[in-house]
Each structure stands twice: as C-alpha cells, then as structure tokens.
Amino acid sequence: GAGFVLKDLLDSDCVPYTRLNQIYRQSSGNTIVESAYAINRGEMPNLEGVSEEFSFIPVKSYDMMMKAIIDVYKREQETIEDELDIQIISPMRRGEAGSILISQYVQQAVNPPDSYKGEVRVNGITYRVGDKVIQILNDYELEVFNGEIGVIYAITRTDICIRFIHKEVRLPIDEAHMIMPAYAITVHKSQGSEFKVVITPSFMGSAFLMNRNILYTGITRAKELVVVVGNQKSLKY
C-alpha cells in the first residue's frame, strides 16, 4: 500500500540504512526488553516465568478480562506516585476490548460518582474530578497537543481544569470535544509516550490490528512493568 513506501525501500536493500536494535527505555536484562525482542522476531514471549517486569494473566471471557484489568489497575495505583504513571493500552478504540469501553469500566471502578466531586456531562460522556483524559486535537491557544494525557483537578461552571505533565490548563466546557477519557488509550495514541506501568488486553479483534508491530509498540511504552491480560491464542496470533 501507499503507506509502506519507506518499508519497501528498506526491504529492497537498494538504499543504505541504519537499523536501531537497542532498546534504551528499559535496562538490559529486563524481561520487557526480552519479550519485545521475541515479539519482533515473531516468537512468543515467555509467559510461564515469574518476572517483576512482565506478566501474563490468562482469562477466558471479556468479563473476566475487565475484572482482571480493574484489579491490576487498582493494585498498581497503590505503588505509583502519579496517576499519569499507569496506563492501559489497547490495540483498538471500539469493541469489548477497546479503549472506549475499558475507560468507562475503569472510571466506574476507580473514580465513581461522589457528591464532593465536580462532574460534567458533555456529548454523552461524563467527566469527573480525578478522571484521566487525553487531548485529541491540537489547541495552539492553550499549547496542548494531540496525545497529551492529563488529570482533571477541578470542574467549574465554565471550565474543565486539567493538569498535564508540564502545565495546567482551563479548557472551556464548550470545547470538551477536544478531549476524551484516557484510563485506556490506543497503541496509536501511545506512540512516543512512556509510562512506568502498562496494562494491555490481548483478545481477538480486527485482523488489521492483530500484528506484532502493534503489540511491540504497546509493551515497549512501559519502563518498569507490563501486564498482559487475555488469552494465549490471540497473543500467538
């Protein structure tokens, strides 16, 4: 396809190139790195060994998957200093294992309604103080750009106040179409980012998204821990 021009040039061996084959986000000997190398080679990562950095939780249904994801998220919340250090990353936006539905379930579990918390409902989506959100459109006035993730720290009659990594902004409520819930995000949105803890579902979905590039990119966003929740059949596929 048209999008593979550079890949095709590399595969042709007709042009000089340099291949980057050293991962620097994690230290050498880290099982995240070992698993990533295996995935890149088209091999199954080691799911049997006990590791502090890479683990696999087998489940047999979507309900079990969602429960396991929430349990891991809550557990890891206790070990991190900042909500932005933990991220669920899914290959897809829609569907039972998609980022939209996972975000809804996780919000209900970790940040339920509370009379002491401000909240606002915009375009069918409820935003609540404490929720994690992602910017999906560039806002040059506020200097917040597509893919930046933040946490809502206040909601006023006119604004949603968001703490991003390097700044705090007041987003007018009538511009809430520029953000989305981000307890879970897609692999596509995660590119270029890194997190201490990454949780990723592994279930059969669109064949277009069931490839090792997507899986490799997702797990290498993690600096300290990757937890894969799903079934071995989809992981192997």
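A salt bridge is counted where a side-chain nitrogen of Lys or Arg lies within 4 Å of a carboxyl oxygen of Asp or Glu. The structure is a predicted model, in which local features need pLDDT of at least 70 and side-chain atom pairs count only at pLDDT 80 or more, while totals for chains, interfaces and linings use all residues. Residues are numbered from 1 along each chain as its sequence is written, and side-chain values use heavy atoms, with hydrogens and water left out.

**View 1. The salt bridge between Glu 119 and Arg 128.** The closest N and O atoms of Glu 119 and Arg 128 are 2.8 Å apart. Relative accessible area is computed with a 1.4 Å probe on protein chains only; buried means under 20%, exposed over 50%, and partly exposed in between. Glu 119 is partly exposed at 41%, whereas Arg 128 is buried at 6%.

**View 2. The salt bridge between Asp 82 and Arg 163.** Here the closest N and O atoms are 3.1 Å apart. Asp 82 lies in the loop between α3 (62-77) and β2 (86-90) and Arg 163 in strand β7 (residues 159-164), so the pair ties together parts that are 81 residues apart in sequence. Helices (H or I, at least four residues) and strands (E, at least two) are DSSP runs, numbered from the N terminus. Asp 82 has a relative accessible area of 24% and is partly exposed; Arg 163, at 26%, is partly exposed.

**View 3. The salt bridge between Asp 85 and Lys 196.** The closest N and O atoms of this pair are 3.9 Å apart. Because Asp 85 belongs to the loop between α3 and β2 and Lys 196 to strand β11 (residues 195-202), the pair ties together parts that are 111 residues apart in sequence. Asp 85 is buried, with a relative accessibility of 17%, and Lys 196 is partly exposed at 25%.

View 4. Ser 90 is buried, at 0% relative accessibility. Contact means heavy atoms within 4.5 Å. Apart from neighbours within four places in sequence, Ser 90 is in contact with Ala 97, Gly 98, Ser 99, Ile 185, Thr 186, Val 187 and Pro 201.

**View 5. Asp 174 in the loop between β8 (168-172) and β9 (179-181).** Asp 174 is exposed, with a relative accessibility of 65%. Asp 174 and Val 122 are 52 residues apart in sequence, and their C-alpha atoms are 8.3 Å apart in space.

**View 6. The protein chain as the setting of the close-ups.** The protein chain contains 7 helices and 12 strands. Its radius of gyration is 19 Å, close to the 18 Å that the globule rule gives for 237 residues, so the chain is as compact as a globular protein of that length. The radius is taken over C-alpha atoms, and the rule is 2.2 Å times the number of residues to the power 0.38. Along the principal axes, the C-alpha atoms fill a box of roughly 60 × 40 × 35 Å. Of the 237 residues, 44% count as buried. Among contacts between residues at least 6 apart in sequence, 64% join residues at least 24 apart. The count of salt bridges in the model comes to 10.
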